[in-house]
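Please have the sequence and the model in view while reading.

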Amino acid sequence: MTRAEVVVVGSGPNGLAAAVTCARAGLRVQVLEAQPTIGGGARTLDLGLADGIVHDICSAVHPMAWASPFFAQFDLAARGVELLMPDVSFAQPLPGGRAGIAYRSLERTVEGLGVDGGAWHSLVGRLSEHHEQTVAVALGDKRSIPAGLLPRGVGTAAAFGAAVLEQGTRAWDRRFVDDVAPALLTGVGAHSISTLPSLAAAGTALLLASLGHAGAGWPIPRGGSGALTAALVADLEAHGGEVITGYRVTTFEDLPPAHVTLFDTTPRTLVGVLGDRLPPRHRRRLEDFRYGNAAAKVDFVLSGPVPWAVPDVGRAGTVHVGGTRAEMVHAEAEVAAGRHAERPMMLVSDPSVVDDTRVVGGLRPLWTYAHVPAGSDVDVTEAVTAHIERFAPGFRDVVVASRCVPAAHMSEHNENYVGGDISAGAATMWQMIARPTSAWEPYWTGRDGVYLCSASTPPGPGVHGLGGWYAATRALREGFGITQAPSLAP
Ligand SMILES: Cc1cc2nc3c(=O)[nH]c(=O)nc-3n(C[C@H](O)[C@H](O)[C@H](O)COP(=O)(O)OP(=O)(O)OC[C@H]3O[C@@H](n4cnc5c(N)ncnc54)[C@H](O)[C@@H]3O)c2cc1C
């Protein structure tokens, strides 16, 4: 290939979104990826646990990809990516053979939540109905007013803000009578890996819970998350771009000369590579970026479905295993204090709930991860197994094989997960807004032609490609004078 005009360091969803955007603007684009496989947090791999079984080693469930304005324009369906929709978006098993069930249907969910159905509807219903406005508020660049939000979306933005203030503070129990609905909402908020309640967790809960009742709900791509990566790479290559794997950028000298360079990395890697080439003040601000607590991954191979005590839990694409609101508060407080919870907060997904191609020879993968303190090197397989067994007696009997990646080893397959922080930066309210620094231009690095575009930038973690798209749009304007963002349509 001739010299690239744009170099992207890292091939996660944001890096590839940036690369596609630049390639579609007619520029020569090269993506440099440290790992032997492309896709960062969106890879589906054979881990050698059982013949033909593939596992999502990071992301598995994609409400954000469905809701993302980037992927909407990119049009995954037209590219053959099937987002399969479980009719239960997420579920929360509870002690005593009970469970909170978030059906894709809001009405059915409200009905199932009984005395707290009205509370669920008032918190989530409006946000779900106006999900495009909710997404504009929650997944914008946190610096500008998203196009289309004014004037119609002001009411939705206000409702979102009020709900975050309520569910992010000790007022969070006020509107509930029973313990099922609050647990159901808290399981979603706990994705942020923070103490509970917190404003960041509440924002996460309200965005994701509202998407659970909108459109595709919480979909799972047929064949696994790697389908998203494959579609992005195919488009990049069709527009003349390339991805070079096994190319780790550690020093400035590793960077091929290019007019624009986008880093799909954490600020830590950016500072490591650019060092004194960054303005000292901005460098210090990037060095102040905080990394959060962590996840330890356990991938299972099962001989049959998880025998959940409540049958409808088995219809969910995602199960939050953490028990009651009080139990999750305790588990996350333990992690925040640097300890392992006896019953950790966990996420569990069996993709074969909607995707029968994932079952091979009667075996199926089960994707799980548990929250642990940053840098933990503990193998959590037994804690995860025991916690699932609590709500699915007989689970141990269907386990055929398993593999744990402790938090301390997550960075070996993706160095963006510092100490196992899968959010690429602590999800505090401040860092969800002022990510990676409070600079007015969040993708700016202080050095001409160099941008940061990863989950460490707004709108933060998730497979939505938006950080990459927003950063690339700026890079096209500032680096090449291209003011009209290219079409992403197939
Ligand atoms: C266990 C786990 C479960 C998750 N579950 C979900 C989920 O279900 N749904 C969801 O939406 N999100 C989920 N996420 C989060 C999601 O995967 C990430 O937020 C998303 O992938 C971030 O995209 P990114 O492009 O910013 O970075 P990443 O996807 O992390 O990609 C960064 C890439 O840059 C490469 N890289 C880093 N440094 C260098 C270097 N120096 N040189 C060259 N290459 C480099 C890395 O190898 C990697 O390929 C999960 C993450 C994990 C780890």
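The model shown here is a predicted one, and the residues of the shell around its ligand divide into 17 nonpolar, 15 polar and 5 charged. The points below begin with that shell, then turn to a pair of helices, and end with some details of the backbone.

**The ligand and its surroundings**

- Of the 37 residues around the ligand, those that come nearest are E33, G41, V61, N414 and G462.
- Among the atoms facing the ligand, a polar side-chain atom of E415 lies 3.5 Å from one of the ligand's nitrogen atoms, while a polar side-chain atom of Y417 lies 3.4 Å from an oxygen atom of the ligand.
- The backbone takes part as well, for a polar backbone atom of A455 is 2.8 Å from an oxygen atom of the ligand.
- Taken on its own, the ligand has 990 Å² of accessible area, and the protein covers 95% of that area.
- The elements that give two or more residues to the shell around the ligand are α1, which spans residues 13–24, and β14, which spans residues 364–372; of the elements, α1 gives the most, with 3 residues.

**The pair α6 and α7**

- Helix α6, made of residues 131–138, and helix α7, made of residues 154–167, have axes that come within 9 Å and cross at roughly 65°, and this crossing is right-handed.
- On the side of α6 the contact is made by Q133, T134, V137 and A138, and on the side of α7 by T156, A157 and F160.
- Sorted by class, the residues in the contact of α6 with α7 are 4 nonpolar and 3 polar, with no charged residues.
- In the loop between α6 and α7 lies K142, a residue that has a positive phi of about 65° although it is not a glycine.

**Backbone details**

- The peptide bond that runs from R435 to P436 is cis, with omega near -5°, and P436 is placed in the loop between α17 (429–433) and β16 (450–452).
- The peptide bond from P458 to P459 is also cis, with omega near 5°, and P459 belongs to the loop that lies between β16 and α18 (466–480).

Key
Residues are numbered from 1 along each chain as its sequence is written. This is a predicted model: local features need pLDDT of at least 70, side-chain atom pairs count only at pLDDT 80 or more; totals for chains, interfaces and linings use all residues. Side-chain values use heavy atoms; hydrogens and water are left out. Axes are lines fitted to C-alpha atoms, for helices over the stretch in contact, and angles run from 0 to 180 degrees between N-to-C directions. Helices (H or I, at least four residues) and strands (E, at least two) are DSSP runs, numbered from the N terminus. A crossing is left-handed if the near helix is turned anticlockwise from the far one by less than a right angle, and right-handed if clockwise. Contact means heavy atoms within 4.5 Å. Ala, Val, Leu, Ile, Met, Phe, Trp, Tyr, Cys and Pro count as nonpolar, Asp, Glu, Lys and Arg as charged, and the others, Gly among them, as polar. A residue is near a molecule or strand if one of its heavy atoms lies within 4 Å of it. A polar contact is a pair of N or O atoms within 3.5 Å; within protein, one must be able to donate a hydrogen and the other to accept it, and residues adjacent in sequence count only if both atoms are side-chain atoms. Accessible areas come from the Shrake-Rupley method with a 1.4 Å probe; for residues, only the protein chains shown count as cover.
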